[in-house]
Amino acid sequence: NSEVAMTCEFEYSDDYFNQSAYTYNHKLALASCCFATSAMVKDGAPFNRAESAKSMLNAIGFGSGDGEALNYYGYQKSPTMNSIACVLSNKNVGDTSIIAVAVRGGGYEGGWAGNFNVGSGTNHAGFDIAKQQVCDNIINFINQDSVTLNNNLKFWITGYSRAAATANLLAADIDGKILNGTEMCYNLNDYNYNADDVFAYCFETPRNTRNENAKNTAYNNIFNIVNRIDPVPRVAPAAWDYIRYGKDCYLPSKETCNPQVYSSLLSKVSYNFDEIYTGNKDKSYKEDYSFYEIKLGISPKIVKNESISQGVFFDNLIKYIAEGFKSPEYYTANFQNGVTKAVYKLMGNIKYDEILQQRDFWDYLYDQLSVKYILKHISITDNILKNLITESLIAFFADAGMTRTDATEIAESLGGVLAKLGSHPNYLLTAIKNGDQLFIPHYTETTLAWLKTLNGDYSEANSALSKMLTGGEKYRVATVNCPVNVNVYDSNGNLCGSIVDNEVRYIENGVTVYINDNGEKCFCLPEDEEFRFEYTGYDNGTLNCSFAEIDAATGEKLISKNYYGMPLSDGALYTGILEEKADENIKSHIFDNNENEISVSEVVDYNTAKAYTVTAVAEDKNGTVSGGGEFRKGEFVQLVATPADGCLFVGWYNGENLVSTEPIYRFMVSEDSTLIAKFKRQKTDNRVHGVKIDDISLNYKKSATLKPQIDADNGAKYTVKYSTSNAKVATVDKNGKVTAVKRGSGTATITCTVTDSYGNVVKDSCKVKVSLSFVQILIVYVLFGWIWY
């Protein structure tokens with residue numbers, strides 16, 4: 001649309017295709033990412049051709065000679081759920097023809113829904129359908145009269161995001177000399193090429209297959225450049241056994257890099273991002289991410305942790321979602337239809353998509369969720385979440401044309417998805433609070449900026465690029481339990497991680513540090529550095545800790561060295577050393593205050609160790625519980641019991657045995673167990689239990705008095721207060737009288753707060769929709785009322 005949004009220089013030579021496709025070429029990778037980007041078009045412009053691709057291909061000699069062509073496929077059609085588009089061209093060099101294929105990775109609007117069309121087959125259904133369409137396009141391109149191919153063929157294949165998943169499957173087909181189209185298979189045996197001539201570079205590639213042969217080295221001519229902090233490559237979940245064809249190359253991350261090196265690389269990425277993005281929006285690159293967690297106690301509160309990386313957040317978030325949906329078969333049968341329809345409605349409407357990219361919507365949903373429910377009840381039900389999403393959608397999308405019916409249908413589907421995180425409220429809150437910020441790593445500019453950074457001729461870039469190409473990268477996590485403060489130091493003696501009094505201390509350029517849902521203190525550490533730990537007791541008890549190796553591709557533990565039962569007292573000191581990795585073994589040491597080394601208690605291999613299941617249940621409806629799941633020996637579980645209004649927690653029981661009277665119960669897992677939380681009702685005379693107020697509509701300057709329905713015991717004493725979210729739209733006085741003050745259309749939220757003599761607080765909110773009557777419209781717009789009325 002005549003807007004130059006990005007500018008990125010790259011080098012190109014036909015000689016790139018004279019080497020083996022199995023050898024990674026960083027210059028070709030950068031050129032491929034530029035090619036993939038050039039194939040994108042702007043949302044809302046379905047009839048635009050990818051003119052940037054034409055300019056780029058012509059500049060490097062494609063599609064302009066005898067027997068050469070440059071074609072666009074699928075761009076003239078408005079995107080549907082599983083549709084795709086691509087650019088195809090060829091270049092004849094001597095006795096060789098290079099066929100270039102770039103699959104469209106942007107501007108596909110409702111095509112986003114295809115990402116969630118998982119299906120129950122070997123390949124992800126949505127990506128496979130898209131791949132079939134591209135196969136048809138290639139055959140049409142090859143068979144057209146204007147194209148003449150030489151004896152030898154080379155393929156240059158690329159794509160970004162959803163297009164990368166499509167390009168990845170396409171490259172696997174072409175490796176096997178077959179194109180599996182929509183209605184038939186095309187045999188390529190008549191063409192002179194082999195897999196060594198298929199150059200495939202795929203960027204931010206979603207997981208697209210459960211074919212266990214996809215990681216066969218025969219497919220290592222397919223390179224997947226992936227950012228650990230990008231959510232898109234995590235579709236579909238690794239926990240469902242989804243992988244990608246070819247070699248996964250992970251960009252540097254906070255967990256896998258020395259903290260100082262990563263900080264230096266990020267500054268260069270930010271600079272390159274600013275050089276690449278030339279559009280008119282306020283876009284820049286920084287990893288502006290925070291984790292939000294509930295601190296339990298008499299008065300629960302939400303605290304912000306800036307020391308946990310987005311990559312570790314996604315490791316856990318996707319695992320919890322995968323566990324909630326059980327399997328692709330279960331998801332497909334019970335959720336897929338609703339989810340794809342909801343995503344199509346949201347992403348297929350440009351106005352809706354623009355609202356989703358605004359901070360206000362996510363802040364509003366976060367405030368409603370945290371204040372109205374989670375802080376009080378810790379977990380959340382499907383119905384509560386669906387209602388909150390419905391009202392949030394109406395509040396922000398109604399002016400863009402969304403009806404209550406549409407909002408309800410979307411909330412019904414997406415609420416069911418998010419409710420799978422109900423027992424992990426920290427992750428639900430964090431996902432909503434960060435909202436659109438979570439997708440900044442998925443920007444094309446981000447990947448281009450990383451590739452430009454790693455193209456530099458300096459030691460940090462060379463080392464990071466070398467590590468990226470190893471594939472299957474790993475990092476370590478040190479886990480600490482029981483009453484200790486922990487400080488972690490790098491090999492230069494710099495403090496890089498700290499948890500004191502069960503609070504994470506933010507350290508600039510530090511490592512990833514967090515306290516997980518089970519109360520375990522966690523420190524994520526790269527393999528190429530030695531770290532020293534100081535464990536200082538602040539109470540009596542025992543110290544239990546471990547050092548585990550993590551697969552960076554999945555976030556799953558591979559092996560763990562565990563230390564159990566070290567005696568603790570106030571001021572007791574232990575020292576730990578985690579050596580730089582030199583071989584396949586974890587080399588760790590723990591010393592007591594007298595410098596005596598503590599023996600390792602157990603080594604747990606997560607591939608073979610027995611998994612134990614801990615289940616938490618509430619005995620009745622007098623309370624709710626959260627926590628539990630699947631664990632290996634040595635891990636801790638934290639269970640939380642929350643009494644309902646007017647009830648008290650009695651205790652946790654294992655069978656008939658009382659094991660704890662504390663509502664927050666933590667223990668080290670060593671067997672399968674079911675814990676029952678028991679509650680009892682308490683006398684609640686003279687208390688307030690709830691309040692309800694209804695939505696209203698007012699014309700400008702008109703008033704109405706709210707009539708709250710207060711659920712209270714006889715004789716209860718209470719106060720009622722009102723507040724407005726936007727005094728420029730509607731005001732409210734102490735008696736609940738609401739007055740419309742905006743000379744036009746707008747919406748405000750009025751909150752009614754009721755507090756009884758015991759300090760119990762109940763709230764409800766209503767929407768006030770303000771508009772002009774027909775007469776007022778005439779006054780304002782015909783009689784110049786905007787001046788005097």
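Is Lys326 buried or exposed? The first point below takes this up, and the rest cover the other features of this predicted model.

1. **Lys326.** Lys326 counts as exposed, because its relative accessibility is 57% and the cut-off for exposed is over 50%. Its backbone is also worth a look. Lys326 has a positive phi of about 70°, although it is not a glycine. Most residues other than glycine have a negative phi. Lys326 sits in the loop between helix 6 (310-325) and helix 7 (328-334).

2. **Glu204.** This residue also has a positive phi, about 50°, and is not a glycine. Glu204 lies in the loop between strand 7 (198-203) and strand 8. Is Glu204 buried or exposed? Glu204 is buried, because its relative accessible area is 0% and buried means under 20%.

3. **A cis peptide bond.** Val235 and Ala236 are joined by a cis peptide bond, with omega at about -10°. Most peptide bonds are trans. Ala236 belongs to the loop between strand 8 (222-226) and strand 9 (247-250).

4. **Domains.** The domain assignment divides the chain into domain 1 (21-259), domain 2 (289-436), domain 3 (477-605), domain 4 (611-681) and domain 5 (688-783). How far apart are the centres of domain 1 and domain 4? Taken over C-alpha atoms, the separation is 49 Å.

5. Strands of a sheet pair through backbone hydrogen bonds, either parallel or antiparallel. Strand 25 (residues 612-618) and strand 32 (residues 673-681) pair in the parallel sense. Five bridges connect strand 25 and strand 32.

6. Rolling a probe the size of a water molecule over the atoms shows where empty space is left. Two cavities of 30 Å³ or more are counted here. The largest cavity holds about 80 Å³ of space. The second largest cavity holds about 70 Å³.

7. **Lining of the largest cavity.** Which residues lie nearest the centre of the largest cavity? They are Glu520, Ser546, Asn562, Gly634 and Glu635, out of 15 lining residues. Strand 12 (474-481), strand 19 (541-551) and strand 20 (556-568) each give two or more residues to this lining. Strand 20 has the largest share, with five residues. By class, the lining has four nonpolar, seven polar and four charged residues. Domain 3 (477-605) and domain 4 (611-681) each supply at least three residues to the lining of the largest cavity.

8. **Lining of the second largest cavity.** How many of the residues in the lining of the second largest cavity are charged? Seven are charged, alongside two nonpolar and one polar. The lining consists of Arg476, Glu527, Glu549, Glu579, Glu580, Lys581, Ala582, Asn585, Ile586 and Lys587.

Technical notes
Residues are numbered from 1 along each chain as its sequence is written. This is a predicted model: local features need pLDDT of at least 70, side-chain atom pairs count only at pLDDT 80 or more; totals for chains, interfaces and linings use all residues. Side-chain values use heavy atoms; hydrogens and water are left out. Two strands pair if DSSP finds at least two bridges between them. Helices (H or I, at least four residues) and strands (E, at least two) are DSSP runs, numbered from the N terminus. On a 1 Å grid over the protein atoms alone, a cavity is a set of points where a 1.4 Å probe fits but cannot get out, and a pocket is an open set with protein on both sides within 12 Å along at least five of seven lines; lining residues have an atom within 4 Å of a point. Grid points are joined across faces, edges and corners, and a volume is the space filled by probe spheres set on the points. Ala, Val, Leu, Ile, Met, Phe, Trp, Tyr, Cys and Pro count as nonpolar, Asp, Glu, Lys and Arg as charged, and the others, Gly among them, as polar. Domain bounds come from an automatic or database domain assignment. Buried means under 20% relative accessible area, exposed over 50%, partly exposed in between (1.4 Å probe, protein chains only).
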